[in-house]
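These are my notes from one sitting with the model.

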Amino acid sequence: MLNDPALAAFREEARAFLAAHLPDEIRRGAARATSVFIDPAISLPWQRILHAQGWAAPDWPAEYGGPGWSEIERYIFAAECAAAGAPNLAPMGLKMVAPVIMHYGSPGQRAHYLPRILSGEDYWCQGFSEPGAGSDLAALQLRAAPDGDDYVLNGSKIWTTHAHFANRMFALVRTSSEGKPQAGISFLLLDMATPGITVEPIRTLAGDHEFNQVFFDDVRVPQANRLGDENAGWSVAKHLLTFERGGKYAPGLIGRLERLRAREDIDPVLRAQIDREAVTLKALQALELKAMRGVGGSPALYASALKILGTEAAQRIDTLACEAAGHAAWADADGQTPADLAVAVPRYLNDRAATIYAGSNEIQRDLIARTMLG
Ligand SMILES: Cc1cc2nc3c(=O)[nH]c(=O)nc-3n(C[C@H](O)[C@H](O)[C@H](O)COP(=O)(O)OP(=O)(O)OC[C@H]3O[C@@H](n4cnc5c(N)ncnc54)[C@H](O)[C@@H]3O)c2cc1C
């Protein structure tokens, strides 16, 4: 399907754009990134360049500023971006909260938030997990008590990626303790500059400051900032999680593996392992294309399956990159080591989290078992 001659012109247009407009310093910054969550100092300038071209949000409908591409064109664009070494854009705004604002937002919420997400003016973080609520997300306790036109929030969120950069958070809060835990949750859009919010850093195993614990101490949020009905936030969250988990893993992973493969100093045993992984990625790509066409399974089922396969492949590639890097992975004293090798170890460590975040892979396997086997 990807070789269809009718799509060749589109691929060439994307390739030519990337060659002309992806600045070297952004490409270098992306190559040295140790996480899939790229620092906004690198991702936001690239988002602005894409926005000027009308290409910042390939998945959005044209009426909200998307380019109006077909599924397969979006896939080709993602593959070309990965091959060119472009940074990932932050998913929390463009890929996670935007689709639910489109689906559940009032006309006023859509008109206010969507253009600011597209341009990068607003940078979002996701306030779902709490110290006592991760896999069992419905156990969340951050209380939002109604008071006049506002809610008053008390409690905390944890593992909040890029909360220290974000000026907005979308959050699940408890608005009722009656009935099933899922039935008392609401979905709020809030301003991180609101008095009473404190962001405390958490360092990862790799030494990065990527996520945080966020504390709420009598934080007033207008009820008008609720997305959907009160106590109906669980449906909004489930809708959003399909976008968080689904997606295109293969293009980025193929880009990484091809850069490893292109090295001439790889020993034959390792090369055979890399070649075997290339075949697995082709199978993953085939499954992603099938998911895009909606063949043979529900979006939620594909989202869980692709999350497992994509993140586990990423971890295998991390191991191959460390083996390829050898001594260079530890000693980049002169700064001359090729980026993929220099960051092999921190990336390996950072990527341990990939099978945990967005719902752990054990939970995804559980969902598949329940969906498929009843
Ligand atoms: C790098 C990173 C970034 C993150 N970013 C965000 C963010 O921006 N916003 C946010 O809200 N959250 C974020 N998270 C949190 C993430 O969603 C949770 O870590 C995840 O849902 C798991 O929850 P937990 O950490 O509480 O682990 P737990 O739920 O305590 O699970 C611990 C272990 O038990 C297993 N387990 C639990 N229940 C079951 C079960 N029923 N069956 C089988 N196994 C089970 C899990 O698979 C896991 O291995 C992030 C996490 C990481 C690691």
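**Entry 1, D218.** I began with D218, which is exposed because 11 other C-beta atoms lie within 10 Å. The cut-offs I used are 20 or more other C-beta atoms within 10 Å of a residue's own for buried, 12 or fewer for exposed, and partly exposed in between, with C-beta atoms placed from the backbone. D218 is in strand 7, residues 209–222. Helices (H or I, at least four residues) and strands (E, at least two) are DSSP runs numbered from the N terminus. I noted a positive phi of about 50° at D218, although D218 is not a glycine.

The model is predicted: local features need pLDDT of at least 70, side-chain atom pairs count only at pLDDT 80 or more, and totals for chains, interfaces and linings use all residues. Residues are numbered from 1 along each chain as its sequence is written.

I found A358 in the loop between helix 13 (344–350) and helix 14. A358 counts as buried because it has 22 C-beta neighbours inside 10 Å.

I looked up D122 in the loop between helix 6 (107–119) and strand 1 (124–127). D122 counts as partly exposed, since 19 C-beta neighbours fall inside 10 Å. Leaving out residues up to four places away in sequence, I list its contacts as G93, Y113, R116, I117, N167 and R168. A contact here means C-beta atoms, placed from the backbone, within 7 Å. N167 is 45 residues from D122 in sequence, with 6.3 Å between the C-alpha atoms.

The division is domain 1 (5–89), domain 2 (124–233) and domain 3 (246–373), with bounds from an automatic or database domain assignment. I read 20 Å between the C-alpha centres of domain 1 and domain 3. Their contact takes 10 residues from domain 1 and 13 residues from domain 3. On the domain 1 side, helix 4 (residues 71–84) gives the largest share, six residues. That side has six nonpolar, two polar and two charged residues. In this count Ala, Val, Leu, Ile, Met, Phe, Trp, Tyr, Cys and Pro are nonpolar, Asp, Glu, Lys and Arg are charged, and the others, Gly among them, are polar.

I then checked how helix 1 (residues 5–21) packs with helix 4: the angle is about 35° and the axes are 10 Å apart. Axes are lines fitted to C-alpha atoms, for helices over the stretch in contact, and angles run from 0 to 180 degrees between N-to-C directions. From helix 1, L7, F10, R11, A14, R15 and L18 meet I72, E73, I76, F77, E80, C81 and A84 of helix 4. By class, the residues of this contact are nine nonpolar, no polar and four charged.

**Entry 7, A6.** A6 is in helix 1. I put A6 down as exposed because it has 7 C-beta neighbours inside 10 Å.

Which residues are closest to the ligand? I noted F128, G134, S135, S360 and E362, out of 19 residues that surround the ligand; a residue is near a molecule if its C-beta atom, placed from the backbone, lies within 6 Å of it. Strand 1 and helix 14 (361–373) are the elements that give two or more residues to this shell. The shell draws at least three residues from each of domain 2 and domain 3. I sorted the shell into eight nonpolar, nine polar and two charged residues.

Key
Contact = placed C-beta atoms within 7 Å.
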